[in-house]
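Reader: Can we go through this one together? I would like to start with the ligand.

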Amino acid sequence: MSNDFNHITVLLHETVDSLGEISGKSVVDCTLGGGGHTDLLLQKVGPTGHVIAFDRDHDALHHAQKRFAKEIEAGRLTLIDAPFSQFKERINALNLPSGVHGIIADIGVSSHQIDQPNRGFSFVHDGPLDMRMNDRDGQSAAEFLNEGSEEDIANVIYHFGEEHKSRQIAHLICNYRKLRPFKSTLDLANLIERARLWKEKSKKHPATKTFQALRIFINDELKELTDLIQNGFASLNVGGRMSIISFHSLEDRIVKEKFLEFCGKSKSNLIPRGLPLTADQIAVLTNAKAKKIGSFPDIPSDKEIEENPRSRSAKLRTIEKTTI
Ligand SMILES: C[S@@+](CC[C@H](N)C(=O)[O-])C[C@H]1O[C@@H](n2cnc3c(N)ncnc32)[C@H](O)[C@@H]1O
């Protein structure tokens, strides 16, 4: 099996097992990446099952075409070159005879994307300041920093990076670009590092939050995730499950709140405790369409974190659809 794609799968068994019994079913891996989850899903659905795997990154799709050539040829794996926001159309177009029984997503970027200097995600490697997962569409991070208003840049860094120095960083960026345009990742990383905006030294690189913010903005990651949860859940069979791994609080908040809303437990429709109501009555009153599965969230074991420190912030949440 070729594995020239550098990515260690996070919560591999926990995620696939969270879908329950899937032998012979159709399931969707929304984040193909290096294919770690896809591979185990193929084993679990077995020879009569079908895995559909989405990615908007061409490197991931090319790698999977080679790695899973046999499964694709046998019609057991369908690769889809599209963002989450096209989930509904792309799944409908497949006309799956017995619908979708499980959906997983392992949100964010792969280590492969971060480690390739030419993708522009990393403040460690020098490369073009790009950051697009699909590098054929939309604006790059450099274009945004060279053309965006100072206020927009500050707001992006503040909201998507949760960076309290956002205004100062945006100001530095706008002064820098008066002299020369941003081209490379290190133009930005070094600018933030040299400014010494923080009194205390942190273990993290000072540009970490700014890079995260730009990546989320350039790839419209939070809207993509929201669309996926909405359209993915609508496409699921009753009894089918949806499991999502997120890596930071902005993503996890969206997953948790949307999932709790499906379970009739959003803040706006909580029923006071102690009322003599049956589970069915509560489900009707709260418009519950799903139930939580497992620990909500499940997190990596100490062993996994030791072997793969990148997994340390992962949170896996699963729900099962209980009614249409
Ligand atoms: C963390 S990696 C997945 C790793 C994979 N589970 C594995 O085991 O190798 C996330 C992948 O999802 C893709 N991705 C992220 N957001 C996406 C979106 N909105 N639409 C399609 N693909 C997306 C990225 O391009 C990346 O390849």
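Reader: Which polar backbone atom is 3.4 Å from a nitrogen atom of the ligand?

Author: One of Thr31. That pair is a polar contact, meaning N or O atoms within 3.5 Å. This is a predicted model, where local features need pLDDT of at least 70 and side-chain atom pairs count only at pLDDT 80 or more, while totals for chains, interfaces and linings use all residues. Residues are numbered from 1 along each chain as its sequence is written, and side-chain values use heavy atoms, without hydrogens and water.

Reader: What does the side chain of Gln113 do with the ligand?

Author: An N or O atom in the Gln113 side chain is 2.9 Å from a ligand oxygen. The protein buries 99% of the 600 Å² that the ligand exposes when taken alone (Shrake-Rupley areas, 1.4 Å probe).

Reader: How many residues surround the ligand?

Author: 22, with Thr9, His37, Asp55, Asp106 and Glu224 the closest; a residue counts if one of its heavy atoms lies within 4 Å. By class, 6 are nonpolar, 11 polar and 5 charged (Asp, Glu, Lys and Arg count as charged, Gly as polar).

Reader: Changing topic. How much space lies in the largest pocket?

Author: About 940 Å³. A pocket is an open set of points on a 1 Å grid over the protein atoms alone, where a 1.4 Å probe fits, with protein on both sides within 12 Å along at least five of seven lines; lining residues have an atom within 4 Å of a point. The volume is the space filled by probe spheres set on the points.

Reader: Which helix gives the largest share of the lining of the largest pocket?

Author: H11, with 5 residues (helices are DSSP runs of H or I, at least four residues).

Note on methods: A polar contact is a pair of N or O atoms within 3.5 Å; within protein, one must be able to donate a hydrogen and the other to accept it, and residues adjacent in sequence count only if both atoms are side-chain atoms. Helices (H or I, at least four residues) and strands (E, at least two) are DSSP runs, numbered from the N terminus.
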